[in-house]
Amino acid sequence: MLRIQATQGAAMCACPGTGAPRLVYARPLCGASARGGCRAVVAVSSEMLVWTLVVAAAARLWAPVGASQLCRIRTVRTGKVFNVIQQVQGDVLYFQSGTRLIKHACDKNIALYLGKHVFLTKDNFESSLLPLTIPTSMTVGVPEVTSAHFANALLLLVVNGKVYTYAYKEDVWQTATGIQHPVSHISGDNCCFVGNTFCTEINNSIFAYSRGEQVSQTTIYSSENGGISFTNFTFKNQAGLAGSLGGIFYFHSLSQIGLLLVNSGKGLFVYSEQPLDRSPGLAFSYDQPLDVFLCPGLRGFLILWSEKTLLVSPNSGQLFETVQVHKGSQVLSTSISRLNISIHSITANEHTLAVLTKEDALYFGSLEFLSNSIIQLPEGSVWFPEAVLMFSGVGMLDILTPLPDAAFPTFDMQKCALNVQAALMDPVLQVKECKIELLESTLESEMYTIDMNSKLNLSFTLIPRLGMSPIPLVMVSNPYSLGLQASIYEEADNTFEGNIVYKLDIDLKQQHHSGRASPNFTSSIRRPTISTLTVDIANREISCVDMKPQSMLISVGCDLEKKIVVQNKISACSKGILNPVELQKNYSYVIEKEFYDSSYQGQRSDEDLVVQYSYKDLGCPRLVYYDTPWKPVIELWRKSDFQEVVSAEYVLLEVNGVFTYSYAMTAGSASCLSQPQNWTSVLETSSKKGPFSWNRENYISCRDSSSNLTALEWPDVQYQVLGGLTDNEIIFDQRNGFYIFHLSIVDPYYSYCQLETTFSIYVYGAYPRRAIPPEAAIVLLVSGLLLAVWLAHLVLHTKEGHRCQQCCASLCCCGCARARHRSPARAEHGASE
């Protein structure tokens with residue numbers, strides 16, 4: 001019979017009949033206890049005794065006898081079964097300030113372990129890992145990591161004061177450019193909606209800075225391309241801020257940049273944009289450097305922590321709350337700083353928080369808007385010096401510890417997997433059951449857009465437990481931008497068990513248009529913003545682990561599914577003026593040199609221009625009669641649905657520089673208070689030259705009394721803006737032919753989108769220009785008539801005229817006599833014939 005003498009991690013056994021000891025490696029499944037003995041999967045090996053003793057010693061070091069049954073322990077050794085020995089190349093990175101775990105917010109399998117060694121996993125630590133190294137050529141000295149962040153598919157690391165990017169899929173290291181001074185930290189956030197340009201901007205926004213320097217003197221760097229390159233960034237009124245820098249962050253859920261200012265043992269957040277730039281956050285105690293953890297999900301939750309401090313903010317640093325500590329139903333303390341415990345590691349996902357202390361205690365809590373508390377889970381030996389916490393799923397918590405191997409350079413990962421929901425069911429904890437059976441929406445975990453003057457309707461289903469009356473809690477992370485109105489009602493039918501089914505309807509509208517907020521409260525309407533909507537239960541029990549709040553991202557900005565189309569009811573093809581078949585055969589036309597200017601200044605060109613007509617992009621041109629004032633009819637569409645006829649202000653410019661048209665109104669007739677913009681002034685000040693220069697970003701209304709435009713000095717100048725409050729129109733010169741116009745909506749209060757389109761028209765009905773100008777023809781005609789009248793006067797009323805009349809009369813008499821003399825001879829000749 002096989003006899004096993006067990007210790008945690010290794011065993012010696014004797015084979016029957018021989019008594020010769022053989023080596024056994026025991027891999028514990030859930031730890032051992034003094035009462036329960038050791039449960040192990042035993043693998044018999046023929047390796048040397050010395051190697052086994054080393055493994056056993058290491059196992060004793062990392063998994064001491066008496067480990068708790070709180071979680072299921074297993075050691076990941078994948079990658080070693082084929083005896084493939086990998087070598088460590090480059091400088092081994094390390095992290096000096098304890099242990100941290102940074103998980104990729106969007107790819108749940110990617111995470112970074114920071115400790116005495118640094119490990120990057122692509123499979124959620126399900127394989128043995130080599131320590132992460134940086135190429136020796138890229139750094140100087142001992143490569144200490146002080147900060148790290150995942151940005152899209154890049155890992156950003158601050159090593160010895162420099163920022164490096166590591167493309168882990170391609171295994172490529174690069175040094176970030178643009179940073180001239182040493183930095184200690186980087187910060188950013190993550191948005192996980194694939195293919196959304198707004199999310200891409202969030203992921204690419206990165207700060208690099210040196211924590212602890214004086215704010216007024218430090219240099220802050222920002223990146224808009226995911227950390228590849230940086231430029232200098234100046235925070236609003238940075239030179240006037242007194243105190244040191246505790247960090248700077250993009251708070252996208254609040255559409256603000258927040259700077260943590262530390263002064264005289266107090267910390268507070270100051271903000272960059274209206275209206276929070278006038279009201280900093282609530283001050284809190286800041287006795288030692290605090291790590292700032294931005295919880296994933298863009299809900300606005302922040303966790304500030306150190307060994308003796310744990311603070312939570314539900315609104316991006318405006319207010320901070322201490323975290324109550326519970327043990328069973330007993331409140332141990334209203335703040336963790338009042339207890340004689342030291343925080344070793346924390347982790348958080350979108351809605352829950354876990355804390356591991358050096359006193360070998362594990363705490364779990366939920367992130368709520370109204371209150372935050374953590375409860376101590378059943379006691380057990382789960383703390384190790386290199387341990388970190390990681391949520392691996394809803395209600396699933398892993399305690400990770402890297403284990404060195406004497407025979408391989410790779411490290412094993414010891415995982416202690418804990419089902420939090422099961423642990424909370426321990427009667428000792430006296431946790432109340434969850435009040436709700438169901439809280440769901442088919443629209444959860446999505447991103448929606450509310451454009452200017454638009455609204456959004458969402459619906460949720462709530463089913464409470466029998467006899468319970470939970471109160472739904474609807475919150476937006478950015479109330480300065482997004483307003484809401486909620487209503488709840490009972491459905492007609494209950495569940496089979498008799499539970500009441502409630503429907504919660506939420507109407508969302510831009511706060512500026514809600515009619516319930518002061519203009520001083522709202523964000524600037526011209527600036528796109530973002531907010532997260534969260535539907536939760538007030539004072540939700542900690543046992544509602546699987547019943548997570550419903551949240552979704554709301555972009556108050558450009559709806560990319562909108563577009564504008566110029567109406568084309570009467571085209572040159574439908575009237576037979578142009579042939580669509582010919583237009584599709586590489587059709588081209590000529591613009592005479594006197595009619596266009598490629599620099600858009602209205603000057604005559606040196607040569608004619610041949611234009612290739614793109615029927616695919618422009619279709620058949622709209623038909624316009626030259627002698628009738630005209631303006632386009634613009635339609636707004638969303639996807640394939642017609643929305644409305646656009647009445648907002650817009651501008652037109654002929655893309656080839658044709659200038660044979662003018663505007664019906666002047667600055668004076670348009671009721672301008674200041675000198676209006678025109679294409680000449682816009683092109684002079686814009687970095688872009690051409691039809692795309694004038695848009696909603698740089699448009700200034702001449703009727704805005706607070707604008708920076710100059711006073712109205714030339715009221716007779718043409719007013720080149722159409723639509724809006726005026727009836728301005730285009731007047732074409734006497735020229736038939738094509739015009740290709742670029743149209744841009746410039747009204748900044750119509751949509752956050754840059755609504756643009758290009759279309760063509762064909763002007764007809766203009767007679768050919770005369771060789772002699774009409775003015776000259778009129779002068780010649782009048783002169784001729786006057787000359788004829790003067791000659792008649794001379795003939796009839798002067799002596800010379802009478803002589804001329806007598807001369808003409810004598811000439812006429814002679815002519816008549818000759819005629820009579822010839823007539824008889826002609827008659828005789830005819831008779832003879």
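Biologist: Why is Phe-369 called buried?

Modeller: Buried means under 20% relative accessible area, exposed over 50%, and partly exposed in between, with a 1.4 Å probe and protein chains only. Phe-369 has a relative accessible area of 11%, so Phe-369 is buried. Please keep in mind that this is a predicted model, where local features need pLDDT of at least 70 and side-chain atom pairs count only at pLDDT 80 or more, while totals for chains, interfaces and linings use all residues. Residues are numbered from 1 along each chain as its sequence is written, and side-chain values use heavy atoms, leaving out hydrogens and water.

Biologist: Where is Phe-369 placed?

Modeller: Phe-369 is in the loop between strand 32 (362–366) and strand 33 (373–376). Strands here are DSSP runs of E with at least two residues, numbered from the N terminus. The C-alpha atoms of Phe-369 and Leu-473 are separated by 8.9 Å, and these residues are 104 apart along the chain.

Biologist: Why does Tyr-625 count as partly exposed?

Modeller: The relative accessibility of Tyr-625 is 35%, so Tyr-625 falls in the partly exposed class. You will find Tyr-625 in strand 48 (residues 622–625).

Biologist: What makes up the negative surface patch?

Modeller: Glu-592, Glu-594, Asp-606, Glu-607 and Asp-608 form that patch. Glu-592 has a relative accessible area of 31%, so Glu-592 is partly exposed. Glu-592 sits in the loop between strand 46 (588–591) and strand 47 (609–612).

Biologist: How do you know that strand 54 is mostly covered?

Modeller: In strand 54 (residues 737–745), 9 of its 9 residues are buried.

Biologist: What makes strand 54 and strand 55 (residues 756–764) a pair?

Modeller: Two strands pair if DSSP finds at least two bridges between them. Strand 54 and strand 55 are joined by 8 bridges and run antiparallel. Phe-738, for one, stands opposite Tyr-762 in strand 55. Strand 51 (residues 650–654) also pairs with strand 54 in the antiparallel sense, over 5 bridges. There, Glu-654 stands opposite Phe-741.

Methods
Patches are made of residues with over 30% relative accessible area and no salt bridge: like charges are joined within 9 Å, nonpolar side chains (Val, Leu, Ile, Met, Phe, Trp, Tyr) within 5 Å. Accessible areas come from the Shrake-Rupley method with a 1.4 Å probe; for residues, only the protein chains shown count as cover. A salt bridge is a side-chain nitrogen of Lys or Arg within 4 Å of a carboxyl oxygen of Asp or Glu. Lys and Arg count as positive and Asp and Glu as negative; His and the chain ends are not counted. The place of a charge is taken as NZ of Lys, CZ of Arg, CG of Asp or CD of Glu. Helices (H or I, at least four residues) and strands (E, at least two) are DSSP runs, numbered from the N terminus.
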